[in-house]
Amino acid sequence: MREFMYVITDEMGIHARPAGLLVKTVKGFACTIKMRKKEKTVDCKGIMGVMSLGVKKGEEVTLVFDGSDEDAAYETVSNFIKENL
């Protein structure tokens with residue numbers, strides 16, 4: 001299991017467009033990818049879950065990768081988040 005913590009820098013937080021792109025990115029991996037904000041955790045493979053976190057600029061999220069391709073998923077998804085959020 002690997003974890004990636006990130007403070008959102010996008011002025012609009014995680015809104016519909018980047019959330020959709022994130023979901024599209026993570027669906028290519030077999031491992032489980034969860035996003036956590038404070039005490040709430042959601043599956044990153046569903047846009048409604050990601051949007052339900054209501055992540056704003058300056059808030060920290062943690063992504064948890066668990067499964068056979070977690071290392072590849074970690075690299076791809078963490079790079080996506082740094083570049084887009």
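Reply: Phe-4 counts as buried because its relative accessibility is 7%, where buried means under 20% relative accessible area, exposed means over 50% and partly exposed lies in between, with a 1.4 Å probe and protein chains only. Tyr-6, at 15% relative accessibility, counts as buried too. The model is a predicted one, in which local features need pLDDT of at least 70 and side-chain atom pairs count only at pLDDT 80 or more, while totals for chains, interfaces and linings use all residues. Residues are numbered from 1 along each chain as its sequence is written, and side-chain values use heavy atoms, with hydrogens and water left out.

A search of the whole structure finds three aromatic pairs, and rings of Phe, Tyr and Trp (its six-membered ring) pair if their centres lie within 6.5 Å, planes under 30 degrees apart counting as stacked, over 60 as edge-to-face and the rest as tilted. One of these pairs joins Phe-4 and Tyr-6, which are stacked at 6.0 Å centre to centre with 15 degrees between the planes. Phe-65 and Tyr-74 form an edge-to-face pair, 5.6 Å centre to centre and with 70 degrees between the planes. Phe-65 is buried, since its relative accessible area is 0%, and Tyr-74 is buried with 17%. Phe-4, Tyr-6, Phe-65 and Tyr-74 belong to one aromatic cluster.

Arg-2 lies over the face of Tyr-74, at 3.7 Å from the ring centre; a charge sits over a ring if NZ of Lys or CZ of Arg is within 6 Å of the ring centre and within 35 degrees of the ring normal.
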